[in-house]
Amino acid sequence: MKRTLGDLAILGGSSAFSEKLHVGRPNIPDKRVLLRRIEDVLDSKWLTNDGPYLQEFEKRIAELVGVRNCIATCNGTVALEILARAAGLEGEVILPSFTFIATSHSLQWLGIQSVFCDIESGTHNLDPDQVEDLITDRTTAIMGVHLWGRPCNIARLVQIAQQHKLQIFFDASHAFGCSYQGQMIGSFGNAEVFSFHATKFLNTFEGGAIVTNDDQLADQVRLMRSFGFADYDSVVSVGTNGKMNELCAAMGVSSLDEMEHFIAANQRNYERYREALSKIPGLSMIHYDEKEKNNFQYVVLEIEEEAIGLSRDEILSILWKENILARRYFYPGCHKMEPYRSLFPNASERLPITERAAKQVLCLPTGTAIGVDDVTKVCDVLKYIVHNADEIGRRLHLTLKESESSF
Ligand code: T4K
């Protein structure tokens, strides 16, 4: 059936989807297997504190990534905080502003100053040239973020860190299961951090992990994750409670069993989106390097307002009315959120690519909850919006004016 302007929900029609389509609907492993494991936990009466599921989860992650140490935590944010503390970070740390706020907050929480660096437009990852320019005698580390699961320019960043005698860490919250030059993410720098939050392609309800080949750092992280306890009565360090409990670890182990299936669903959706949206002027989709391992968990569009005639935010509003709950991660950039906005009011000046990405990025629904037919329908709606942008824009502005004048 041919769609007309009046069919758009924002112009009075009914929504393309009767139920909301989310970005980040959790991937759920086989419920019977998970419930059996939960029963195990309850029967064993070992609910947390280095239980058997936690040990299995950590062992499997370390093997998969190819590192000697994996320390699982209650979430990715606490993992970042513990890591920064265990590594003795202080002064300034260079990181991107175009990331989830937790990357920066985990440092600020410890009184470490975030120095926001711009990203490269093609990759949305740290621009190594600017990193070099931002190093001062207060800099203690570089914190790269493998945004959308696509690796930073690790070789260059590691070289810069070595040259300036800095530590280097990666927030790999998006990049579990991905590789860089054939080597698994998680094995680079001094240490890397994963998030296993419900919205990540592999989840433990809430959870995170620190992975590293530095045994001394790993020992310190392990101590700090559990109040600094070295033994029953012996506290040898300051610490916090960053432990992952057994229910989360059981979810993690069950999810690892099905990891390939989750990735396959993401890849199928990604390829369908790519095929359907590849030739639309003004819309470009970020690509994953086919030579590497990818988890394909984010489908990310960049919307060029000048080419389309509608802004990313106008398109977002139209999609939401259709029950397509696309997201504008990581708008507006950490530097425009508190406390950083007040602390660094001039940060925008050196972050033009960040600001452009924050205006253009739109993430679309994917994961095992989204079928190929859903993807096709989302693409049809998007194509209709782009092809009729001028007329939709006129009608939207008219509707807006009418509603303003009725007040
Ligand atoms: N570093 C980076 C680069 C990160 O991206 C993150 C987290 C971290 C560090 C910190 O890691 P954690 O401490 O979170 O482990 C999400 C997540 O809360 C957050 O983990 C994630 N990054 C960030 C990118 O996205 P939202 O704003 O998407 O959450 P929310 O509640 O809007 O959920 C998204 C959609 O998913 C909703 O429309 C509904 C659906 N949903 C959500 C949950 C939680 C469900 O269907 N079921 C659920 O249980 O933040």
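Me: How much space lies in the second largest pocket?
Reply: First, this is a predicted model, where local features need pLDDT of at least 70, side-chain atom pairs count only at pLDDT 80 or more, and totals for chains, interfaces and linings use all residues. Residues are numbered from 1 along each chain as its sequence is written, and side-chain values use heavy atoms, with hydrogens and water left out. A pocket here is an open set of points on a 1 Å grid over the protein atoms alone, where a 1.4 Å probe fits, with protein on both sides within 12 Å along at least five of seven lines; lining residues have an atom within 4 Å of a point. Volume is the space filled by probe spheres set on the points (joined across faces, edges and corners), and for the second largest pocket that comes to about 460 Å³.

Me: Which element gives the largest share of the lining of the second largest pocket?
Reply: Of the 15 residues lining this pocket, N49, D50, S226, F229 and Y232 are the closest to its centre. Elements here are DSSP runs numbered from the N terminus (helices H or I, at least four residues; strands E, at least two), and α2 (52-65), α7 (215-225) and β11 (229-231) each give two or more residues. The largest share, three residues, comes from β11.

Me: Which residues lie nearest the centre of the largest pocket?
Reply: The largest pocket has a volume of about 550 Å³. Its lining draws at least three residues from each of domain 1 (5-23 + 259-326 + 365-405) and domain 2 (31-257), with bounds from an automatic or database domain assignment. Among the 35 lining residues, the ones nearest the centre are S195, H197, T199, K200 and Y298.

Me: Which residues is L319 in contact with, leaving aside its neighbours within four places in sequence?
Reply: Contact means heavy atoms within 4.5 Å. By that cut-off, L319's partners are I324, A326, L362, L364, V381, L382 and I385.
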